[in-house]
Amino acid sequence: MGRLRGRMLPSPAMVPSDDAPAPEQTAALIAGGAGGVGLAAARRLEALGYRIVLLVRDVHKGREAARQLEREPAIHACDVTDRAAVEEAVREAAASVGPPLVLVNAAGIAESRPLLPPDDDLWARTLAVNATGPWIATTACLPYMQEAGHGFVCTVASTAALQGYRYTAAYVASKHAVLGLTRALAADLGSSGIRVTAVCPGFLDTPMTARTVANMTAKTGMGEDDARAALASMNPSGRLITPEEVADRIVALLQGAVDEDEPNRMD
Ligand SMILES: NC(=O)c1ccc[n+]([C@@H]2O[C@H](COP(=O)([O-])OP(=O)(O)OC[C@H]3O[C@@H](n4cnc5c(N)ncnc54)[C@H](OP(=O)(O)O)[C@@H]3O)[C@@H](O)[C@H]2O)c1
């Protein structure tokens, strides 16, 4: 747990500055905020005073998630692969909630398949959600961040951004892509007061993993507990990482409370 590798040289923009707008006047956008890591991050950011905006695919799920927050968040339905819809959601959030200066990219999909026969639709879908989605959401928020001279973006990548796993070529490629995007954005924005970061968790205790477990039990006949244990054993810690742990790391990055070493591996 908490291993940090591949030190990146610190730049002045890597620590939050004192004149950042107050959280109470800042919209924190959470893409994929209806569950898992996104919802955990929303809860942590709300506790810091940020005004929460959930970007969700399904408004009903968004409303369910909102019950777990103390204050009513803004909820916008958009698919993260749809630039027009994301830009409209960001515009509306900026107008009604406040400048979107914090963005957590937590929307993602993971499906496993053997390499052959090649599934080009799965490839395109996975790259679109996991890599193009953060590209769209980040660039949609960027004008507001540039205007304010402040911004913080954190994308939930994965240890699959750092190594290969079997049966998940599209997922692994998408996570490598989004970590590359993070590094490129950090290089472009390094002196602008806008910090662009990523966290790389191993297997998490979230609905996504519950679906993976269900898939494993259906395909192999193994029991649910054994399937969960098999996934947990792939983390060096031997357990599933909780979404709250990832949310805590995101907040620690936001606050400059941990070294902004990348890639923030948590497994
Ligand atoms: N679970 C793991 O073991 C694990 C490990 C490392 C990294 N991660 C990454 O962590 C992030 C969060 O995943 P999680 O584990 O919290 O899973 P999760 O509970 O399934 O959350 C993923 C969220 O993304 C949303 N989403 C999917 N496609 C979308 C789209 N096209 N547009 C907008 N929203 C979309 C889902 O909405 P719906 O509910 O409507 O589908 C869901 O709310 C993902 O990027 C995932 O790859 C997960």
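A residue is called buried if 20 or more other C-beta atoms lie within 10 Å of its own, exposed if 12 or fewer do, and partly exposed in between, with C-beta atoms placed from the backbone. The model shown is a predicted one, in which local features need pLDDT of at least 70 and side-chain atom pairs count only at pLDDT 80 or more, while totals for chains, interfaces and linings use all residues. Residues are numbered from 1 along each chain as its sequence is written.

**View 1. Helix α1 and its covering.** Helices (H or I, at least four residues) and strands (E, at least two) are DSSP runs numbered from the N terminus. Helix α1 (36-47) is mostly covered, with nine of its twelve residues buried, and these are Gly36, Val37, Gly38, Leu39, Ala40, Ala41, Ala42, Arg44 and Leu45. Taking the expected span of a helix as 1.5 Å times one less than its number of residues, α1 should span 16 Å, and its end C-alpha atoms, which are 17 Å apart, agree with this. Just after α1, glycine 49 takes a positive phi of about 105°.

View 2. The protein chain is divided into domain 1 (24-202 + 242-266) and domain 2 (203-240), with bounds that come from an automatic or database domain assignment. The C-alpha centres of the two domains lie 23 Å apart. Ten residues of domain 1 are in contact with ten residues of domain 2, where contact requires C-beta atoms, placed from the backbone, within 7 Å of each other. On the side of domain 1 that touches domain 2, α1 and α8 (243-254) each supply at least two residues. By class, that side of domain 1 has five nonpolar, five polar and no charged residues; here Ala, Val, Leu, Ile, Met, Phe, Trp, Tyr, Cys and Pro count as nonpolar, Asp, Glu, Lys and Arg as charged, and the others, Gly among them, as polar.

**View 3. The largest nonpolar core.** A nonpolar core is a set of buried Ala, Val, Leu, Ile, Met, Phe, Trp, Tyr and Cys residues joined through C-beta atoms within 7 Å. Of the 77 residues in the largest such core, Leu29, Ile30, Ala41, Leu54 and Val246 touch the most other members. Helix α4 gives the most to this core, with ten residues. Both domain 1 and domain 2 give residues to the core, so it lies between them. Leaving aside neighbours within four places in sequence, alanine 41 is in contact with Ile30, Val104, Ala106, Ala247 and Ile250.

**View 4. The shell around the ligand.** The ligand is surrounded by 29 residues, of which the closest are Gly32, Gly36, Gly108, Thr206 and Met208; a residue is counted as near if its C-beta atom, placed from the backbone, lies within 6 Å. At least two residues of this shell come from each of α1, α4 (120-148) and α6, and at least three come from each of domain 1 and domain 2. By class, the shell has 15 nonpolar, ten polar and four charged residues.

**View 5. Two loops with backbone features.** Proline 117 has its place in the loop between β4 (100-105) and α4, and the peptide bond that joins leucine 116 to proline 117 is cis, with omega near -5°. Tyrosine 167 is found in the loop between β5 (151-156) and α5 (169-189), where its phi, near 65°, is positive although the residue is other than glycine. Tyrosine 167 counts as exposed because it has 12 C-beta neighbours inside 10 Å.

Definitions and conventions
Contact = placed C-beta atoms within 7 Å.
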